[in-house]
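Good morning, and thank you for coming. Please keep the display in view as I speak.

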Amino acid sequence: SSFDSQEKGKDSSKNISFVEGNLTKVYTSVVVPAYLVSLIIGKRGENIKSIVNRSGCEISFHKEDSKFLTTEQGIKGRICTLRGTISQVSHGYKVILDNIVRLETNINGPKTVE
């Protein structure tokens with residue numbers, strides 16, 4: 001399935017549910033800063049495989065040649081799609097977001113609240 005590019009300032013996630021067998025499955029997407037994608041995936045896909053194994057959800061990133069999206073902060077991003085049961089997707093989503101925060105903190109330093 002494909003996602004339409006979204007303009008700056010618009011909600012960057014989509015949530016869809018469907019039934020597969022006896023389970024209700026969902027998928028959602030989040031825009032990940034493009035400069036963090038390779039770090040989240042890891043060497044030979046090790047990091048993303050670990051997230052998939054721990055959460056049980058399927059995770060994919062749209063190809064780089066897809067139109068880049070812009071995050072609310074004006075940073076180029078790529079769409080990350082997560083698919084599975086609600087529990088699997090919510091766990092995978094949390095891990096992806098935690099990784100983004102951790103990596104941004106390592107790269108840019110901690111954010112201060114003003």
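Let me begin with a term: a residue is called buried when its relative accessible area is under 20%. Please also note that this is a predicted model.

Where does Ser55 lie, and is Ser55 buried or exposed? Ser55 is found in helix α2. Its relative accessible area is 8%, and because the cut-off is 20%, Ser55 counts as buried. Its side chain reaches the backbone nitrogen of Cys57 at 3.2 Å. Leaving aside residues up to four places away in sequence, Ser55 touches Gln88, His91 and Gly92.

That brings us to helix α3, which spans residues 86-108. This helix has 23 residues and reaches 32 Å from its first C-alpha to its last, close to the 33 Å expected at 1.5 Å a residue. Which residues of α3 are buried? They are Val89, Gly92, Val95, Ile96, Asn99, Ile100, Leu103 and Glu104. An α-helix has 3.6 residues a turn, so residues three or four places apart point the same way. The cover over the buried residues of α3 includes β2, α1, α2, β3 and β5. After α3 comes Gly109, whose phi is positive, near 85°.

Finally, I turn to strand β3. Ile59 and Phe61 form its covered face, whereas Glu58 and Ser60 form the uncovered one. How many bridges join β3 to β5? There are four, and the two strands run antiparallel. Within this pairing, Glu58 stands opposite Arg83 in β5.

Thank you for your attention.

Note on methods: Residues are numbered from 1 along each chain as its sequence is written. This is a predicted model: local features need pLDDT of at least 70, side-chain atom pairs count only at pLDDT 80 or more; totals for chains, interfaces and linings use all residues. Side-chain values use heavy atoms; hydrogens and water are left out. The expected span of a helix is 1.5 Å times one less than its number of residues. Buried means under 20% relative accessible area, exposed over 50%, partly exposed in between (1.4 Å probe, protein chains only). Contact means heavy atoms within 4.5 Å. A polar contact is a pair of N or O atoms within 3.5 Å; within protein, one must be able to donate a hydrogen and the other to accept it, and residues adjacent in sequence count only if both atoms are side-chain atoms. Two strands pair if DSSP finds at least two bridges between them.
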